Amino acid sequence: MKAEIAEPGRMTQSGSSLLKLIQNNTMPILDLFVRESIQNSLDAKSDTDPYVTVVFNTGKFLARELNSELEGITEALNSRFPLDEYNFIAVRDTNTVGLTGKLHYDEVTDNNYGNLLKLIYEISKPQEEEGAGGSWGLGKTVYFRVGIGLVIYYSRIKNEYGKYESRLAASLVENEMQKDSLIPAFKGKLKRGIAWWGKKIGENKTQPVTDDEYINKILKLFSIKPYNGEATGTTVIIPYINDKRLLENNQIEYIDGEDNIIRPYWQNSVEEYLKIAVQRWYAPRLNNKFYPYGKYLRVKVNESGISNNLIEPVFKIEQALYNRAITKADNLDDILNNSEAITKYENISVRNVLENTVAGTIAYTKVKLDLLKMTYPDNKPSPYMYFNCEIGDKIKNKPLMSFTRKPGMIVSYESIGAWVDGIGMTDKDEFILAIFVLNSDNKLTALKGKSSLEEYIRKSEMADHTSWSDYSIGTINPRIVSRIQALVNKKIAKEFSVDDEENVSKLNSGLGKLFGELLLPPENFGKKPSAGVNGKKVNSKHVEKHKNVVFTLNNESIKYLGQSLEIEMQLKSRCKIKRSSILLAIDSETGTISFYDWENKMGLDVPFYIKNISILFEKYDDISENSENIILDENTLSVKYNDIECKLLNSTKGRGYAINFESLEKHMYTVNIYVTLYMIKRDIKPAFLVKMDEGDN
């Protein structure tokens, strides 16, 4: 195949920058590869069969025979890889449309690039169909990280004339700054570290090969059969993989009671690892005829199918929970049916922002070790190992939460953070497992155009699709994700109540200021933020009445979100005023210390700061209001509402420390405020102070 070497130019990516585009250095590369490759296949589903089949192949190939087909880097490859055989990994789908579209940019009209150009020759060209896996188009860069950056693409399509057509091309993305880089400079120009191979159609210009005889020759090097008959699909081949490096990449180290390292069996073989990774991320869609959004998924690894009887118990439970969430049925023929496990599903309703208040469904269960087959003679590993989560406590088990939207891929497994904080831990012989399934077809009424909830959440995911987060559109932030998380916490915690005094947060309040005990949870806080010291109840609201304003903080609303606290408060003026402020300060034994004194006089970094604020006006000059969310954060420090300017004030070092309301004329107002406080240190107490002008006096 002839080489096409990417030339330097303005606003172009280099190989080294492409390799860094997905900034995920914590998830194992094999997991990223499985997630992305299967999602690409599911996004390209055809209309022929009720399922999409994906096959992973591993094996060896003859290095020199492949190298001789790659013009321009043959000798460099032979020098770097002197042995006869090396390992490869391939992923192949059928019942998909394949890499459709034009063969070269010269043929593209109306920006209709097609799958082929998007996958092989483009970055940041995402799938545009609603419900597709990605909205960034960067996930495919993981292919370059699995091996040495060399990727071969083979596809068979049914073209626009109704005829079957095969296509094959190769690409290489490498760090052009390394001394042993493979791609030569083109005509003495700067290296970009990117090249393609295919059929030559001009000087330094190629397109995929369509000659079946030559394509079969390349496939034979990897013992891969061509598509035939009416079959269409895509095969991605990655040569020169390092099995040991892939199996050790970002693996969590587990220790038993005698401080011996536990190595799960799937970390000894790429083939076994792939089988677990497929179940880990696609349990909701794997062999699942209940999957409601189209085709379900079937997977083989080296021609060995992952059948239902081979799926690990913990992933059978994941699928059983998913099916209960989508069918709202109890008596399903699955692992949870007729078991002693306590299993429930409940709708999560979010008001005022959705066409239908149901944002999704949470299904959850508490299971014993025997259902997970962790007892003799099976001795299966812990769910933490299957989910690749840290084991943070050796005496108790933290709950394990997963969440998913329309494509049926698990976004993440969470054992700490906003999804599970507030849910009590269980004893060592049982686990709480839960899955939240988004109501993807719901619509947002808070945004223009009534975009779907699926698309809103999809756009909140980062390029590696490992989390959901709230974001603002204009001045509106519906806060859907944080509200879902809070309700999920509440429902599961209520069901699996643990009256353990050691797990109850101790809260306190003061007069004139809010002391840190009310805001600062201990390391193992529980689900009862309203419980007081010595078993006494703290008032559900802390109210301070000043001369011109009333400041209220809702104790029961405080949410512990991992590294952050979310606090609900209200400021109500008692007369017309021009200015009022709520200031964050540091509480100490000798009194409160301002942010200015802490940073400038004491020379210290602040232990916490205001990350963002959501503001809603309830009344304005005695007229009831229902304002849109006003969001203040590092990007938006000031927003004007009628005559009142709402500001997030930053310290000299750029840390948020105050909320300020100021107007040209005097006004009476009631404003509800939601503050997200980011905690850098958990052993120093925060305090809130209220400051106002003198009104009409």
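Analyst: Let us begin with a term: a residue is called buried under 20% relative accessible area, exposed over 50%, and partly exposed in between, using a 1.4 Å probe and protein chains only. This is a predicted model, in which local features need pLDDT of at least 70 and side-chain atom pairs count only at pLDDT 80 or more, while totals for chains, interfaces and linings use all residues. Residues are numbered from 1 along each chain as its sequence is written, and side-chain values use heavy atoms, with hydrogens and water left out.

User: What makes Glu566 and Lys559 a salt bridge?

Analyst: A salt bridge requires a side-chain nitrogen of Lys or Arg within 4 Å of a carboxyl oxygen of Asp or Glu. The closest N and O atoms of Glu566 and Lys559 are 3.2 Å apart, so the pair meets that rule. Glu566 is buried, at 7%.

User: Why is Arg458 called buried?

Analyst: Its relative accessible area is 2%, and because the label applies under 20%, Arg458 is buried. Arg458 also forms a salt bridge with Glu455, the closest N and O atoms being 3.0 Å apart, and Glu455 is buried too, at 12%.
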